[in-house]
Structures are given as structure tokens and as C-alpha cells.
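Q: I am new to this structure and would like to go through it step by step. Could we look at it together?
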Amino acid sequence: MIVITAPTGNIGRHLLSRLLESAPAGGEALRVIVRDPARLPDAARGRVEVVTGSHAEPGVLDRAFAGADAVFWLVPPDASLTPYDAYSGFTLPAVEALAAHRVGHVVGVSALGRGTPLADRAGLVTASLAMDDLIAGTGVAYRALACPSFFENLLEEADSIREKGVFADTVDADRKAPLVAVADIAATAAGLLLNRTWTGTDSVPVLGPRDLSPDDLARIMTEQLGRPVRYERRPLDELSSTLVGHGLNETFVQGIVDMKRAKDEGLDAGVARTPATTSPTGFEQWCARTLKPAVLS
């Protein structure tokens, strides 16, 4: 039995699709925790066991983890909370349920940065790494998917790209860093969940095929979209003021700012790129398949 949290989210929906294809052949049953079962894809209906509710709730977790062999754990950050409460606080009930039901394996979505000089001052990343430690402390076999920024973050810039030919971030235009498609994260998670021969605790970096700078992204978007696209660097204090103005928790906003600052200082460069850490989806491919329809719609 594999339990999937956040099965309708960016990563979870790709993971659910993969497991629906592959899990039955291995004799694996699937169970999902979802607030609104109506949002599940048609392909899942009648093929997965559904536990309705939030995976922050002890009662929901108690039902979902009963008899489970493996869990996919993803925390949906809540910008109304502090970083600690959004990650470790959210995960505390799961830690108790994992121990109570003796779940053997957990795969979690986390971040790059562990072991770097920036790890303890990287805001939301620091909070995510603390969550990993919390889960690992239960004694389960744990694999933290150590992810850089996602290609999909650029979908938030689709209107600006369409209307002004501009996307913005806070890092230096020449700062090369790994970037990854959420589908590749899901593929890595699926492989770990279906082949549970691993033990102990470790991180599994998922780095995409190559490092790219914002200027690289602008060049590739220009080529793929057939229209000029340029990058604008946004000051951190401007980002902070905007997010606080939107009503986000000020401590959470500081966590975002600290994460962005750490990334600009090389937080995501602490893992060597190898065939094992490289995932296949290129930015050109992702642009053509995902960004272009969003921008040109």
C-alpha cells in the first residue's frame, strides 16, 4: 500500500498518473489523501482508496497510514504561518502516525542546500531541511527529494510574458543554477516508492538536465515563443513589501526573502551534477509543451 499526499497538486498529479500505470503490476494498492475527491482525475476513480481531509489532521493521517507500506509526503506551504509551523508544525502529526503504524518507507519533497554554508540561513529551505530531520528521526527509511526551483514557477509570469515580454526574479541575471520540471520529480518519487530496497536516510537530488541563468531562460523563451522575452531583476526589499502587502505572514515572507538571497549566493550549487542527479526534461521541451500554450492562450 502506497499513500500519496497532495495528489492533485503540481507534483502529486504526475506521481498519481505514473503510479496508476505502474503500481498494479507490482501488486501495489494506492491510497490518496485529498481535501476534495472531485478534483481527482477520472482515471483514478475506482482504482484508488480515498481518505478525505487534510494531511495535517491526526485523524485523517491515522486512517490513511493504517496498513501503509510507503508514503509520499509533500507539504503545501501555508503563507499565513511561520516557516517552522508551515513545515515542521504541519508534519508533526504525520511523524506520530508514521511511528504508530510502523510505516517502512517515506519519500518527501525537499530542497537543495543541505551541507552548504548557507543551509542554516536559507529561509524556507532551512525549514524544509528541518522537516526532513523530523521525519528521519522516526526511524523510517527516508529519501528527501532535494529539488532546485521548478520550471513551473514561470507559469506565474505568463501574463507578464504575454503582455510585456518580461519575467522577473531576484537573482543575478548571470547566476546559473539547476532547474527542474515537476514531472521529473514525480518520476523519481515513483521509482523510489515502487522499488523499496533502500534503507536509512539520504537525499536524492533532482537537478534537471543542465544549469541555466535567467538570461539563458530569456533566450530560450524568445526562441520557443517566437517573441522577445527579457529578464528583470527585482530587489529583495521590493519583493518583501509586495508580499506583505498581499497579507502574507511577515515571518513567512522573510523566509522567502532569505531563501531567494541564499539562492543568489549559490545555495543550489552544492551538489555535483552526475548522471544519477540529472533528470531528462529540458527547458526547451518544457517551454514548447507547457509555457507556450499558457502564454499564447
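Q: To begin with the helices, is the crossing in which H2 passes H3 right-handed or left-handed?
A: The model is a predicted one. In it, H2 passes H3 in a right-handed crossing. The two axes cross at roughly 35 degrees and come within 9 Å.

Q: Which residues of H2 and H3 meet there?
A: From H2 come Pro 58, Leu 61 and Phe 65. They meet Pro 93, Ala 94, Ala 97 and Leu 98 of H3. The residues of this contact divide into 7 nonpolar, no polar and no charged.

Q: Turning to the largest nonpolar core, how many residues has it, and which have the most contacts inside it?
A: The largest nonpolar core has 42 residues. Those with the most contacts inside it are Val 3, Phe 65, Val 71, Trp 73, Leu 98, Val 106 and Ile 135. Among the elements that each supply at least two residues of this core are helix H2 (58-65), helix H3 (83-100) and strand S5 (105-111). Apart from this core lies another, of 34 residues, and Ile 4, Ala 6, Leu 20 and Val 107 are among them.

Q: What does Val 3 touch, beyond residues up to four places away in sequence?
A: Val 3 touches Arg 31, Ile 33, Ala 64, Phe 65, Ala 68, Ala 70, Val 71 and Phe 72.

Q: Another pair, then: at what angle do H7 and H10 pack?
A: Helix H7 (residues 214-225) packs with helix H10 (residues 283-296) at an angle of about 65 degrees, and their axes are 10 Å apart. Their crossing is right-handed. The residues of this contact divide into 9 nonpolar, 1 polar and 2 charged.

Q: Is Val 295 buried or exposed?
A: Val 295, which lies in helix H10, has a relative accessible area of 1%, so it counts as buried, the cut-off being under 20%.

Q: What is Val 295 in contact with, leaving aside neighbours within four places in sequence?
A: Val 295 is in contact with Ala 158, Ile 161, Arg 162, Leu 225 and Arg 227. Leu 225 belongs to H7 and is one of the residues at the meeting with H10.

Q: How far apart are Val 295 and Glu 250 in sequence and in space?
A: Val 295 and Glu 250 are 45 residues apart in sequence, and their C-alpha atoms are 31 Å apart in space.

Q: Lastly, how many residues has helix H6, and which are buried?
A: Helix H6 (residues 182-194) has 13 residues and reaches 18 Å from its first C-alpha to its last. Its buried residues include Val 182, Asp 184, Ile 185 and Leu 193.

Conventions. Residues numbered from 1 in each chain as written. Predicted model: local features only at pLDDT ≥ 70, side-chain atom pairs only at ≥ 80, totals over all residues. Heavy atoms only, no water. Axes fitted to C-alpha atoms, helices over the stretch in contact; angles between N-to-C directions. Helix = DSSP H or I, 4+ residues; strand = E, 2+ residues; numbered from the N terminus. Left-handed = near helix turned anticlockwise from the far one by under 90°. Contact = heavy atoms within 4.5 Å. Nonpolar A, V, L, I, M, F, W, Y, C, P; charged D, E, K, R; others polar. Buried < 20%, exposed > 50% of the residue type's maximum accessible area, 1.4 Å probe, protein only. Core = buried A, V, L, I, M, F, W, Y, C linked by side-chain atoms within 4.5 Å. Expected span 1.5 Å × (residues − 1).
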